[in-house]
Amino acid sequence: MSFNTATDRRNTNCAKWDLMEPLFGVSPKDGLAMWTADSDYATAPCVIDAVKAAAEHGVFGYGFEYDAYTASIAWWMKTRHGWTIEKDWILTTQGLGNGIALCLDVWSDAGDAAAIFTPVYHEFALKVQKAGRVVTECPLVRQDDTYILDLEDAQSRLTGKEKLLIWCSPQNPSGRVWTAEELRAVSAFARKNGMLLISDEIHHDLVFEGNTFVPMALAAPHDIDNTVYLTAASKTFNIAGQRTGNMIIADANLRADMRKRLNTLDYKPSALGVTMITAAYSPEGATWVDAQLKHLQNNRDLFDAGINAIPGVKSMPLQSTYLGWVDFADTGMTQKEVADRIRDVAKIAVSPGPTFGTGGETFMRFNLATQKSIVEDAITRMQKAFADLQ
Ligand SMILES: Cc1ncc(COP(=O)(O)O)c(C=O)c1O
């Protein structure tokens, strides 16, 4: 099974393709789905084998976070990220969106605020708002082809009501891979302002050649008593539909707070999700991820070359993630004009930049975790749709 094998996901209860028409007005019959962050190819063979074995066994009764599961997570963090964790630091959530919502629930009250650095994964702000908390936006600064932090400016935006800082590393969108120095500064900023740091590292495995991801726990080990680390196999292995993520909490007090809440909610992990993660975080899984990274890097290079050939359109060079972040500012068109053309002429469902908060106004996000032929098709459609700019 290659990453380039055509896979028709339509009519398979697939949010990305089966909801593109109601959500974005692009028909799956002749359109392309390049919005939500999952991949159009099958997961690793070792994960599929584990699911097949479970299906052949045929009994889908209650499971639990057994030893092999927590050991596989600890093994992955150690071998892929150089991070030593204890197995009992791991708490399983129903994915990381759920993990963020739980953090808001446990460590803030209605009317409190949470700080985020924008542009950032749109659900950060939505989760804060849905919980009845207030979003404090701290914009990242655009510098050439990337984003940098301005913590002085961020400081001036805090209202004093922030209880949490929800941080994305690597950054979605833009793929920015933060340096250890930047991570330390963010961690210190959170502590100085009395905010618990929620470090969402869901994209940590999808980092391209020439860039090194540093776990927050290694950059700022002195702050583990003020940090909750969120990780998952979901993006890395394209198993997000299993709704299984991990909170890694080194501090016993913080962990006790969260465990209590999970007990109150009677949260228990999906047995199949646990099976899949145990299989994924293995040497076979690691080999598959390395192959996937080469595929994604090729897609990124192809996409950038094709999109950047359109005058006024600029794709930010991705250091990580498969989420192409494309700026249309220099086309001279309004965001609505750009959006209309992508929807009606190119017929591509993409994630609108403004939903990622301040700094996203002139952007669109394109999901590149797909077959090469779909990336090529998208480039052709975009070049035709914006042909008058040539
Ligand atoms: C930074 C980030 N956090 C969390 C999520 C959501 O994760 P889950 O599917 O586990 O809820 C995403 C999905 O795109 C994401 O990009």
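Modeller: Happy to! A salt bridge here is a side-chain nitrogen of Lys or Arg within 4 Å of a carboxyl oxygen of Asp or Glu. Keep in mind that this is a predicted model. With that cut-off, the structure holds 26 salt bridges.

Let's begin with a pair that sits just inside the limit. Glu123 and Lys130 form a salt bridge whose closest N and O atoms are 3.9 Å apart, so the pair counts because that distance is within 4 Å. Helix H6 covers 123–130, and the loop that runs to it from strand E3 (113–118) contains Pro119. The peptide bond between Thr118 and Pro119 is cis, with omega about 0 degrees.

Next comes Asp223, which pairs with Arg191 at 2.7 Å between the closest N and O atoms. Asp223 lies in the loop between helix H9 (216–219) and strand E9 (227–231), while Arg191 belongs to helix H8 (residues 180–192), so this bridge ties together parts 32 residues apart in sequence. Asp223 is buried, with a relative accessibility of 3%, and Arg191 is partly exposed, at 37%. Salt bridges can also share partners: Arg9, Lys16, Asp38 and Asp40 are joined into one network in that way. The bond from Ser169 to Pro170 is cis, with omega near -5 degrees.

The third pair reaches further along the chain. Asp290 forms a salt bridge with Arg80, and their closest N and O atoms are 2.8 Å apart. Asp290 is part of helix H13 and Arg80 is part of helix H4 (residues 67–81), so the pair links parts that are 210 residues apart in sequence. Both ends are partly exposed: Asp290 has a relative accessible area of 35%, and Arg80 one of 28%. In the loop between helix H3 (45–57) and H4 we find Gly61, which counts as partly exposed at 43% relative accessibility. The C-alpha atoms of Gly61 and Leu272 are 9.9 Å apart, although 211 residues separate the two along the chain.

The axes of H13 (residues 283–308) and helix H15 (residues 372–385) come within 10 Å and cross at roughly 10 degrees. The two helices are therefore roughly parallel. H13 contributes His295, Asn299, Leu302, Phe303, Gly306 and Ile307 to this contact, and H15 contributes Lys372, Val375, Glu376, Ile379, Met382 and Gln383. Sorted by class, the contact of H13 with H15 has six nonpolar, four polar and two charged residues.

Leaving aside neighbours within four places in sequence, Phe237 is in contact with Thr43, Ala44, Val47, Trp76, Ala280, Tyr281, Gly285, Trp288 and Val289.

Arg243 has a positive phi of about 50 degrees although it is not a glycine; Arg243 is found in the loop between helix H10 (234–237) and strand E10 (245–248) and is partly exposed, with a relative accessible area of 39%. Asp144 also has a positive phi of about 50 degrees without being a glycine. Asp144 lies in the loop between strand E5 (141–143) and strand E6 (146–148), and it is exposed, with a relative accessible area of 68%.

Notes. Residues numbered from 1 in each chain as written. Predicted model: local features only at pLDDT ≥ 70, side-chain atom pairs only at ≥ 80, totals over all residues. Heavy atoms only, no water. Axes fitted to C-alpha atoms, helices over the stretch in contact; angles between N-to-C directions. Helix = DSSP H or I, 4+ residues; strand = E, 2+ residues; numbered from the N terminus. Parallel < 35°, antiparallel > 145°, perpendicular 65-115°, else oblique. Contact = heavy atoms within 4.5 Å. Nonpolar A, V, L, I, M, F, W, Y, C, P; charged D, E, K, R; others polar. Buried < 20%, exposed > 50% of the residue type's maximum accessible area, 1.4 Å probe, protein only.
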